[in-house]
Amino acid sequence: MPAFSTYAAGTAVSKEPDRLFAQPLAQVPDFAFNEDVVRVFPDMIKRSVPGYPTIVENLGVLAAQFAQPNSVLYDLGSSLGAVTQALRRHVRTDGCRVIAVDNSAAMVERCREYLNGQDSMFQELLPVEVIEGDILALDFQPASVVALNFTLQFIAPEQRTALLSRIRQSLLPGGALILSEKLRFNDPEEHALLTDLHVAFKRANGYSELEIAQKRSAIENVMKPDSLEEHRERLLAAGFSKVVPWFQCLNFASLIALP
Ligand SMILES: Nc1ncnc2c1ncn2[C@@H]1O[C@H](C[S@+](CC[C@H]([NH3+])C(=O)[O-])CC(=O)[O-])[C@@H](O)[C@H]1O
Ligand SMILES: O=C(O)C(=O)Cc1ccccc1
């Protein structure tokens with residue numbers, strides 16, 4: 001019987017500790033969102049991403065300001081649905097519904113279970129649909145809020161502008177894209193400092209030097225962060241009119257992009 005904790009206001013999620021990289025691996029495989037990651041994901045993301053709980057909770061608060069009646073709120077790369085749960089808790093706008101999309105079957109299966117749990121604990125939540133699929137192949141409906149919470153960094157760099165353009169085309173007036181990402185920094189000293197501080201954050205959260213090193217090698221081929229300047233330019237190139245950073249903790253940031 002797995003242990004559970006509450007991380008999305010009252011809803012139970014697995015609290016199995018992340019020890020995926022604790023033992024020396026002869027060869028570190030590329031990071032994948034498989035069953036092993038799913039079991040430890042709530043613990044992994046909280047101990048690895050500084051500011052993650054603050055970003056998720058406030059994403060719901062922000063979304064409530066941009067939600068338009070009778071529109072869709074997208075959670076793209078939804079993992080276990082933490083953002084979807086925050087959207088459902090905070091948004092009260094008439095006729096809104098949430099569409100969560102992830103291409104990991106293991107994530108989608110567990111996400112649906114957690115959302116059923118949320119439905120059994122709260123009343124008057126927005127309707128939600130969880131789609132197992134590639135966000136690059138998604139047929140977007142008119143949307144008022146699109147959340148890309150630490151997902152764009154896993155999309156091949158050459159596909160990023162096209163995806164953001166399609167999101168921009170789907171956004172209704174008054175809506176917004178909320179984009180959270182790990183950042184790279186063009187200034188080498190700034191990059192080194194914030195990278196070292198992120199390692200200190202992980203160490204303070206109980207990860208060993210070996211775990212930190214093996215995780216770094218697992219993600220280096222699959223997760224390609226951009227700088228804030230690259231994000232801003234790409235968003236403007238995709239047709240967004242304004243880019244407003246609203247949160248940064250070390251090398252992790254979240255931006256609001258307006259249509
Ligand atoms: N092409 C794709 N199509 C669909 N999903 C994808 C694709 N590529 C990657 N993913 C999915 O994007 C998610 C990224 S995690 C998001 C955290 C979540 N937003 C959270 O707020 O808890 C970020 C992280 O773990 O750092 C994974 O579930 C992938 O399966
Ligand atoms: O762990 C890291 O170093 C990260 O950059 C964040 C992260 C969190 C969860 C899965 C993959 C990457």
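User: Where does ligand 2 sit?
Analyst: In this predicted model, ligand 2 sits in the largest pocket.

User: Which residues surround ligand 2?
Analyst: The residues around ligand 2 include Phe31, Met44, Phe154, Phe252 and His198. Lys182, Lys202 and Lys215 are also among them.

User: What do those lysines do in terms of contacts, say Lys215?
Analyst: A polar atom in the side chain of Lys215 is 2.6 Å from an oxygen atom of ligand 2. For Lys202, a side-chain N or O atom lies 2.7 Å from an oxygen atom of ligand 2. With Lys182, the distance from a side-chain N or O atom to an oxygen atom of the ligand is 2.9 Å.

User: And how much of ligand 2 does the protein bury?
Analyst: Ligand 2 exposes 320 Å² when taken alone, and the protein buries 95% of that area.

User: OK, ligand 1 now. Which pocket does the space taken by ligand 1 form?
Analyst: That space is the largest pocket.

User: Which residues come nearest to ligand 1?
Analyst: There are 20 residues around ligand 1, and the nearest are Tyr52, Gly77, Ser79, Asp102 and Asn149.

User: How many residues of that shell are nonpolar, polar and charged?
Analyst: The shell around ligand 1 has 10 nonpolar residues, eight polar ones and two charged ones.

User: What is the distance between Asp102 and ligand 1?
Analyst: A polar atom in the Asp102 side chain is 2.6 Å from an oxygen atom of ligand 1.

User: Which backbone atoms lie by a nitrogen atom of ligand 1?
Analyst: A polar backbone atom of Gly77 lies 2.8 Å from a nitrogen atom of ligand 1. For Ile135, a polar backbone atom is 3.0 Å from a nitrogen atom of the ligand. On its own, ligand 1 exposes 660 Å², and 94% of that is buried by the protein.

User: Different topic. How many disulfides are there in the whole structure?
Analyst: A search of the whole structure gives zero disulfides.

User: Is Cys111 buried or exposed?
Analyst: Cys111 counts as buried because its relative accessibility is 0%.

User: And what about Cys249?
Analyst: Cys249 has a relative accessible area of 26%, so Cys249 is partly exposed.

Conventions:
Residues numbered from 1 in each chain as written. Chains lettered and ligands numbered in written order. Predicted model: local features only at pLDDT ≥ 70, side-chain atom pairs only at ≥ 80, totals over all residues. Heavy atoms only, no water. Near = heavy atom within 4 Å. Polar contact = N/O pair within 3.5 Å; in protein donor to acceptor, adjacent residues only side chain to side chain. Areas by Shrake-Rupley, 256 points an atom, 1.4 Å probe, with all protein chains shown as cover. 1 Å grid on protein atoms, 1.4 Å probe; cavity = no way out; pocket = protein on both sides within 12 Å on 5 of 7 lines; lining within 4 Å. Sits in = over half its atoms within 2 Å of the grid points. Nonpolar A, V, L, I, M, F, W, Y, C, P; charged D, E, K, R; others polar. Disulfide = S-S within 2.5 Å. Buried < 20%, exposed > 50% of the residue type's maximum accessible area, 1.4 Å probe, protein only.
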